[in-house]
Amino acid sequence: MRLVDYTLAKRAKLTELRGGRLSRDDVCDAHPELLRAARNVGEQTPTPCPVCATGPLVHVTYVFGDALRQANGRVWPRNGLADLHRSMDEVACYVVEVCTACYWNHLAQRYLLGRRHVG
């Protein structure tokens, strides 16, 4: 699995927010469809929101791949990713963390799955 972790970008954004260079409206701007996905199919984490500290963070995973056809760009449950890894040549997965209380959202990870990336 080839993984890109966006923790440093998250830390920089939160530093700008706390330093007054960004407003809360600048960082708490989740799209309504992302919020809907977070509420209905997202996976709740034990981590509190770094902005409001009241709501838990929810992870929403999107998958992209030419072989997915109509499922390309859709939300995918994490427990179904193993099947994609075995059955597809290459799939790009994007994990977005979302707070449904204050609408914070940030790309947390990007990774590649599939037979092309085994081993």
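Helices and strands are runs assigned by DSSP and numbered from the N terminus. In this predicted model, Glu-97 sits in strand 5.

**Glu-97**

Glu-97 has a relative accessible area of 5%. Buried means under 20%, so Glu-97 counts as buried. Its side chain makes a polar contact of 3.1 Å with the side chain of Trp-104. Setting aside neighbours within four places in sequence, the residues in contact with Glu-97 include Lys-10, Leu-57, Val-58, His-59 and Ala-108.

**Helix 1**

One of those contacts, Lys-10, is also among the buried residues of helix 1, together with Leu-14 and Leu-17. Seen down the helix axis, these buried residues fall within an arc of 55°, so they line one face of helix 1. Their cover includes helix 2, strand 3, strand 5 and strand 6. From its first C-alpha to its last, helix 1 reaches 16 Å, close to the 16 Å expected. Just after the helix, Gly-20 takes a positive phi of about 85°.

| Element | Residues |
|---|---|
| Helix 1 | 7–18 |
| Helix 2 | 24–27 |
| Strand 3 | 56–64 |
| Strand 5 | 91–99 |
| Strand 6 | 105–113 |

**The largest pocket**

The largest pocket has a volume of about 150 Å³ and is lined by 15 residues. Glu-97 is one of the residues nearest its centre, along with Asp-5, Thr-7, His-59 and Ala-108. Helix 1 and strands 2, 3, 5 and 6 each supply at least two lining residues. Strand 6 gives the largest share, four residues.

Technical notes. Residues are numbered from 1 along each chain as its sequence is written. This is a predicted model: local features need pLDDT of at least 70, side-chain atom pairs count only at pLDDT 80 or more; totals for chains, interfaces and linings use all residues. Side-chain values use heavy atoms; hydrogens and water are left out. The expected span of a helix is 1.5 Å times one less than its number of residues. Buried means under 20% relative accessible area, exposed over 50%, partly exposed in between (1.4 Å probe, protein chains only). The arc is that of the directions from the helix axis to the C-beta atoms. Contact means heavy atoms within 4.5 Å. A polar contact is a pair of N or O atoms within 3.5 Å; within protein, one must be able to donate a hydrogen and the other to accept it, and residues adjacent in sequence count only if both atoms are side-chain atoms. On a 1 Å grid over the protein atoms alone, a cavity is a set of points where a 1.4 Å probe fits but cannot get out, and a pocket is an open set with protein on both sides within 12 Å along at least five of seven lines; lining residues have an atom within 4 Å of a point. Grid points are joined across faces, edges and corners, and a volume is the space filled by probe spheres set on the points.
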